[in-house]
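Thank you all for making time this morning.

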Amino acid sequence: MSKQGDMQQELALDVNHLFKNFGGLQVLSDVNFKIRGPELIGLIGPNGAGKTTLTNILDGALKPSGGTVYLNGKRIDTLPPYLVARAGLGRTFQVTRAFRRMTVMENLLVPAMALHATASRREFEEKAREVLDFLTMSHLTNEYGRALSGGQQKLLELGRLLMLDPRIVILDEPFAGVHPRLMEIIYEWIYRVNDEGKAIILISHDMETIFTLSKRLLVLNYGDLIADGDPDVVKDDPLVKAAYLGEDEPAPASPAGPESAKFALPTRQPGQDDSADDEEGRVNA
Ligand SMILES: Nc1ncnc2c1ncn2[C@@H]1O[C@H](COP(=O)(O)OP(=O)(O)O)[C@@H](O)[C@H]1O
Ligand SMILES: [Mg+2]
């Protein structure tokens, strides 16, 4: 959390020569990118490309096999997740994790008070009410986490991030299985948070969403960052096309159709974990 007003200049993420392997499986190999200022970045790649693993390294849950990560000049790849969060990096989970035995209000208060012991409970409660109002979840303030639908749990996670006030956020498949009405709220959330000067990395299989929101696109292909740049340029990159054409599911025939059709991802495949969520049902944690 920064106390300086000069927020935008201060925001810098440096990912240097990141490697990760699980036993013999190389999941990230020499991943390099930088974020400067409140960028809105899409991160895509086939299922199993390493997107969630990268997120887990950036937030401190996993240690890299090689390489470094710096946030505003401070090395964070050696820190535990709570210190990475305190340094200003927040994330949501592909499989949502609301505290089931706490109320919605407590779900917002507990991480915020644990992380930033500076404000009073009353101040946090005030902020939580504002956050719930923004998420159109005020009527759920005293419900237990377990009573929420999968989509509402995703909103609650976004609410928690607002409470923590990170400088940079990573959203791992925030739209997967979410009702269109809630999708709109998540769109609003992204625009609001980005307007507040925070950088966002958005991981999504939904190409329409990615191309609507992202100003920059990173493409991960089985551990290699094969593209990084303007989404309209990246989507025509031969390497990127090859990566997606190499998937099992063929790209749909699109006679000069919309962008999203020209660059179709393999969306819901059987057994894919992000298909487990729906608006009414709970997440299969
Ligand atoms: N903890 C782990 N142990 C072993 N293999 C893992 C682990 N986490 C992820 N993997 C493997 O790493 C690869 C990348 O997974 P992941 O980062 O979840 O991809 P994505 O999010 O792009 O779909 C997959 O082959 C996955 O099976
Ligand atoms: Mg993933």
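What follows goes from the sheet to the ligand shell, and then to one helix.

Let me say at the outset that this is a predicted model, so please hear everything after this with that in mind.

I will begin with the sheet, which is an open one of six strands, running in the order 6-7-8-3-9-10 with mixed pairing. Its edges are strand 6, residues 89-91, and strand 10, each of which pairs on one side only, and the twist from one strand to the next averages 15°.

If you follow strand 9 within that sheet, you can see both senses of pairing. With strand 3, residues 40-44, strand 9 pairs in the parallel sense over four bridges, and there isoleucine 41 has arginine 216 of strand 9 as its bridge partner. With strand 10, residues 224-229, strand 9, which covers residues 216-221, pairs in the antiparallel sense over five bridges, and in that pairing leucine 218 stands opposite aspartate 228. Strands 9 and 10 also form a hairpin with two residues between them, and one turn residue, tyrosine 222, has a positive phi of about 45°.

Now to the ligand. Which residues lie around ligand 1? They are Phe22, Leu25, Val27, Gly45, Asn47, Gly48, Ala49, Gly50, Lys51, Thr52 and Thr53, and they divide into four nonpolar, six polar and one charged. Strand 2, residues 25-36, and helix 2, residues 51-58, each supply at least two residues of this shell, with helix 2 giving the most, namely three.

Is phenylalanine 22 buried or exposed? Phenylalanine 22 counts as exposed, because there are 10 C-beta neighbours inside 10 Å, and the cut-off for exposed is 12 or fewer. Phenylalanine 22 also lies 8.9 Å from serine 65, C-alpha to C-alpha, although the two are 43 residues apart in sequence.

Finally, I would like to turn to helix 6, residues 150-164, whose 15 residues reach 21 Å from the first C-alpha to the last, close to the 21 Å expected at 1.5 Å a residue. Helix 6 is mostly covered, with 15 of its 15 residues buried, and just after this helix aspartate 165 takes a positive phi of about 55°.

That is where I will stop, and I am happy to go back to any part of it.

How values were computed. Residues numbered from 1 in each chain as written. Chains lettered and ligands numbered in written order. Predicted model: local features only at pLDDT ≥ 70, side-chain atom pairs only at ≥ 80, totals over all residues. Pairing = 2+ DSSP bridges. Near = placed C-beta within 6 Å. Nonpolar A, V, L, I, M, F, W, Y, C, P; charged D, E, K, R; others polar. Axes fitted to C-alpha atoms, helices over the stretch in contact; angles between N-to-C directions. Expected span 1.5 Å × (residues − 1). Buried ≥ 20, exposed ≤ 12 C-beta atoms within 10 Å, placed from the backbone.
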